[in-house]
Amino acid sequence: MSIWWSLHLRREAASVPLARRLLLGTMETAGVDPDVSYDLSLALSEACANAVEHGGESGPQDSSAAYRVTAYLDGEKCRIEVTDSGPGFPPVRPRPTPMEAENGRGLCLIHELADHVQIGNKPGRGAVVSFDKILKWRKDAPLMAV
């Protein structure tokens, strides 16, 4: 079983739940375990929120800027990639933010929820956050990997 989709979204707060609902619906239809689906949807929400807030040249008020979400459910793994058009991550990243902090904990949360995380920049195109998670399936999963 393989499912792939990609969204080109405006940098608006309303785009975050849209991406999350699409991912949850895809995973539910495929038969992915609800706990795994929830973890991935929360990580996706954090990555999208970062793209909305930091992913453009002129700040979150510039709704003409966009970001892209791509999801792959392939075999027993799901990979999600969020790419924005902002300045990217600084060359030297600060230390991880404590989970108790009010801001800046999204990347830490993504690391906690996913099995593998890559954070970087695409030259001239902004920041990229991609993460994978091994899938677990419901017993009645219609599209379960064999």
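Strand 2 (66-74) and strand 3 (77-84) pair in the antiparallel sense over eight bridges; two strands count as paired if DSSP finds at least two bridges between them. They belong to an open sheet of five strands with the order 1-2-3-5-4 and antiparallel pairing. The model is predicted, so local features need pLDDT of at least 70 and side-chain atom pairs count only at pLDDT 80 or more, while totals for chains, interfaces and linings use all residues. Residues are numbered from 1 along each chain as its sequence is written, and side-chain values use heavy atoms, with hydrogens and water left out. Helices (H or I, at least four residues) and strands (E, at least two) are DSSP runs, numbered from the N terminus.

- Strand 1 (2-10) and strand 4 (116-122) are the edge strands, each pairing on one side only.
- Neighbouring strands are turned by 10° against each other on average, direction ignored; axes are lines fitted to C-alpha atoms, for helices over the stretch in contact, and angles run from 0 to 180 degrees between N-to-C directions.
- Strand 1 and strand 2 run antiparallel and are joined by nine bridges.
- In the hairpin of strand 2 and strand 3, two residues lie between the strands, and glycine 75 takes a positive phi near 65°.
- Strand 4 and strand 5 (residues 126-134) run antiparallel with seven bridges between them, and lysine 122 stands opposite glycine 126 in strand 5.

**Helices on the sheet**

- Helix 1 (residues 15-30) packs on the sheet and touches strand 1, strand 2 and strand 3, its direction making about 170° with that of strand 1; contact means heavy atoms within 4.5 Å.
- Helix 2 (residues 34-54) lies across strand 2, strand 3 and strand 5, and runs at about 175° to strand 5.
- Helix 2 has 21 residues and reaches 30 Å from its first C-alpha to its last, close to the 30 Å expected at 1.5 Å a residue; the expected span is 1.5 Å times one less than the number of residues.
- The buried residues of helix 2 include Val36, Leu40, Leu44, Ala47, Cys48 and Ala51, where buried means under 20% relative accessible area, exposed over 50% and partly exposed in between (1.4 Å probe, protein chains only).
- These buried residues of helix 2 pack against helix 1, strand 2, strand 3, helix 3 and strand 5.

**Nonpolar core**

- The largest nonpolar core has 38 residues, of which Leu40, Leu44, Tyr67, Ile80, Val82, Phe131 and Leu135 touch the most other members; such a core is a set of buried Ala, Val, Leu, Ile, Met, Phe, Trp, Tyr and Cys residues joined through side-chain atoms within 4.5 Å.
- Two or more residues each come from strand 1, helix 1, helix 2, strand 2, strand 3, helix 3 (106-113), strand 4 and strand 5.
- Helix 2 gives the most to this core, with nine residues.
- Leaving aside neighbours within four places in sequence, the contacts of valine 82 include Leu44, Cys48, Ala51, Tyr67, Val69 and Val128.

**Aromatic pair**

- A search of the whole structure finds one aromatic pair; rings of Phe, Tyr and Trp (its six-membered ring) pair if their centres lie within 6.5 Å, with planes under 30 degrees apart counted as stacked, over 60 as edge-to-face and the rest as tilted.
- The pair is formed by tryptophan 4 and tyrosine 72 and is tilted, at 6.2 Å centre to centre and 45° between the planes.
- The two residues are 68 residues apart, tryptophan 4 in strand 1 and tyrosine 72 in strand 2, and tyrosine 72 is also the bridge partner of tryptophan 4.
- Tyrosine 72 stands opposite arginine 79 in strand 3.
- Tryptophan 4 is exposed at 54% relative accessible area, and tyrosine 72 is partly exposed at 35%.
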